[in-house]
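I'm opening a page on this structure to keep track of what I look up. I'll go from the whole chain down to single residues.

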Amino acid sequence: MPARHDGVEDYHPRWRPASKEEMAARNKASAKRLCLMLGALAAVLAGGTMVRRALRIQRHLSGEEAAPVERDSRHHAAVNARNRIDALKWLASDPALQPLIARKQFRRTTPIDRVPHDSLSFEKFFRDYESAQRPVIIENVPIGGAPWTRDLIRERCGDARVTPVVDNPTKGEEWGNLKKAEATTVRGFLDAIQRGGKGAGLYMHDWAIPKHCPELLRDYAIPKYFVQDYLTQLSVDNSDHGIHSKQYPYKDSWPSLFVGEKATGSGLHVDSGDTHFVMHMVDGVKDFRVLGVADRILAYENRENGTFAADLFAPDFEAHPLLALAHVYTATLRAGDLLFIPGGSGHQVVNQGPVIALSYNFVDASNVKRVITAFEASQKYDRADSMLSEVDEGALNTALDAAPLPWAEARRIRAEGVR
């Protein structure tokens, strides 16, 4: 029997008090195990092995568990595409998932929340929707100034140039299933869609108003929820970092304009850089279908060219059986409605009649890290990290009671930058 000593360490040579760091690590590991256990229990309650296995495969196919690859390598792209197709086929044939697949309907369909504009503060929007990656419709959001009509657009922007788009009937070949039509003037475009005939199906899609017709924004005020947009706050010429405005392709892209007739719209797509997306309805009715980030692969996404084979408005569960595992959000927008869609979410749109709408893509503290990662992965914007680092992330917290930003002030910020 060992001799007694005053020090416990001497009596038990292999024992010593744990440090604070070790205790923190142990607590973290215990919490992780508990979360895994609770997650497994939730999966069992929600459908057992089929849901759990589907979620695991989704994470893998979405790239969350995959090793980085050279995006500019055709060989790696081909291998990844083949592996993804094989995995999708395997998942669709998994016996454990057949009860869900056999239903031939979406696993879940959820109407997007609606919240009145006057009862939704900036702080609540940032906390409950942006940071939580939840879509929301904000009702009765004002535009300001004269009513936006086709006559007003013709008067202020008639001579500006626009390249409309049309629907590409061959699904999965073009981003959003859209292809460019012949360029014309805004006046010519409005005349063409009014006459119909050859103009039928033409759609003004994501037309950058600050670049092409800033006069249209004369009396406009940016809604309070988006005044902290980092892309707006970028300086035009930051010579200290060797960065110039030509390397900021999105700086003057929004707000953008959408004008179209009944049955125009866009196929399932994800916006560039995983930026947040906003659609503000001015006139008409739009139907939306939204797919969360984790569910994109279930719509047979081709990550190499950003296209989807599936159609959320007319799902073909025979050709795309994994759609039966998807959770789809639905929305119908009318004049005054503003729809927020979290960055990285897939969305598809059909116009139910003549429409006029504005859109934004924006970056703030809720998604800046994700956007940087997406830009770097795309290898299109080698200055992305420096571009976004110009903006102080902490500044967002100083304006939780934000107010609408008049466009004249926004232009000053765009011209001078926020340093």
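**Overall.** I call a residue buried when its relative accessible area is under 20%. I keep in mind that this is a predicted model. With that cut-off, buried residues make up 46% of the 419 residues in the protein. I find 13 helices and 22 strands. I also looked at contacts with a separation of 6 or more, and 80% of them in the protein are between residues 24 or more positions apart.

**Cores.** Next I went for the nonpolar cores. Nonpolar side chains tend to be buried together in soluble globular proteins. The largest core here has 53 residues. Which residues have the most contacts inside the largest core? I get Phe125, Trp148, Val186, Trp207, Leu216, Ile222 and Leu257. Helix H8, residues 186-195, supplies the largest share of this core, with five residues. There is also a second, separate core of 24 residues, and Leu100, Leu298, Ala299 and Leu322 are among its members.

Leaving out neighbours within four places in sequence, I see Trp148 in contact with Ile143, Ile209, Leu216, Leu217, Tyr220, Leu257, Val282, Ile356 and Leu358.

Ile143 was on that list, and I followed it. Ile143 sits in the loop between S3 and H7, and is buried at a relative accessible area of 14%. Not counting residues up to four places away, Ile143 touches Trp148, Asp219, Tyr220, Ala221, His280, Val282 and Leu358. For Ile143 and Tyr220 I noted a C-alpha separation of 6.0 Å, with the two 77 residues apart along the chain.

**Helix H6.** Phe125 took me to helix H6 (residues 122-130), where Phe122, Phe125, Phe126, Asp128, Tyr129 and Glu130 are buried. I note that this set includes Asp128 and Glu130. What covers the buried residues of H6? The cover includes strand S2 (113-116), S3, S14, strand S19 (338-341) and S21.

**Disulfide.** I count one disulfide. Cys157 and Cys213 form it, with their sulfur atoms 2.1 Å apart. Which parts does the pair tie together? Cys157 lies in helix H7 (residues 150-157) and Cys213 in the loop between helix H9 (209-212) and strand S9 (221-222), so the bond links parts that are 56 residues apart in sequence. The torsion about the S-S bond is about -80°, so I log the disulfide as left-handed. Buried or exposed, these two cysteines? Both Cys157 and Cys213 are buried.

**Empty space.** Rolling a probe the size of a water molecule over the atoms shows where empty space is left. I get three cavities of 30 Å³ or more. The largest cavity has a volume of about 60 Å³. It is lined by 10 residues, and the closest to its centre are Ile222, Phe226, Asp229, Thr232 and Tyr360. By class I have seven nonpolar, one polar and two charged residues in that lining. Ile222 was already in my notes, as one of the residues with the most contacts inside the largest core.

I then turned to the second largest pocket, which holds about 790 Å³ of space. Of its 32 lining residues, the closest to the centre are Val165, Trp175, His205, Asp206 and Trp207. Which element gives the most to this lining? It is S8, with six residues. The elements giving two or more residues include strand S6 (178-180), strand S8 (203-208), H9, strand S13 (265-269) and strand S14 (276-283).

Last, I checked the backbone. A cis peptide bond joins Trp254 and Pro255, with omega about 5°. Pro255 is in the loop between strand S11 (243-244) and strand S12 (256-260).

Asn140 has a positive phi of about 60°, though it is not a glycine. Its place is the loop between strand S3 (136-139) and H7, and Asn140 is exposed, with a relative accessible area of 59%. Asn177 also has a positive phi, about 55°, and is not a glycine. I place Asn177 in the loop between strand S5 (165-167) and S6. Asn177 is buried, with a relative accessible area of 7%.

Definitions and conventions
Residues numbered from 1 in each chain as written. Predicted model: local features only at pLDDT ≥ 70, side-chain atom pairs only at ≥ 80, totals over all residues. Heavy atoms only, no water. Core = buried A, V, L, I, M, F, W, Y, C linked by side-chain atoms within 4.5 Å. Buried < 20%, exposed > 50% of the residue type's maximum accessible area, 1.4 Å probe, protein only. Helix = DSSP H or I, 4+ residues; strand = E, 2+ residues; numbered from the N terminus. Contact = heavy atoms within 4.5 Å. 1 Å grid on protein atoms, 1.4 Å probe; cavity = no way out; pocket = protein on both sides within 12 Å on 5 of 7 lines; lining within 4 Å. Points joined across faces, edges and corners; volume = space filled by probe spheres on them. Nonpolar A, V, L, I, M, F, W, Y, C, P; charged D, E, K, R; others polar. Disulfide = S-S within 2.5 Å.
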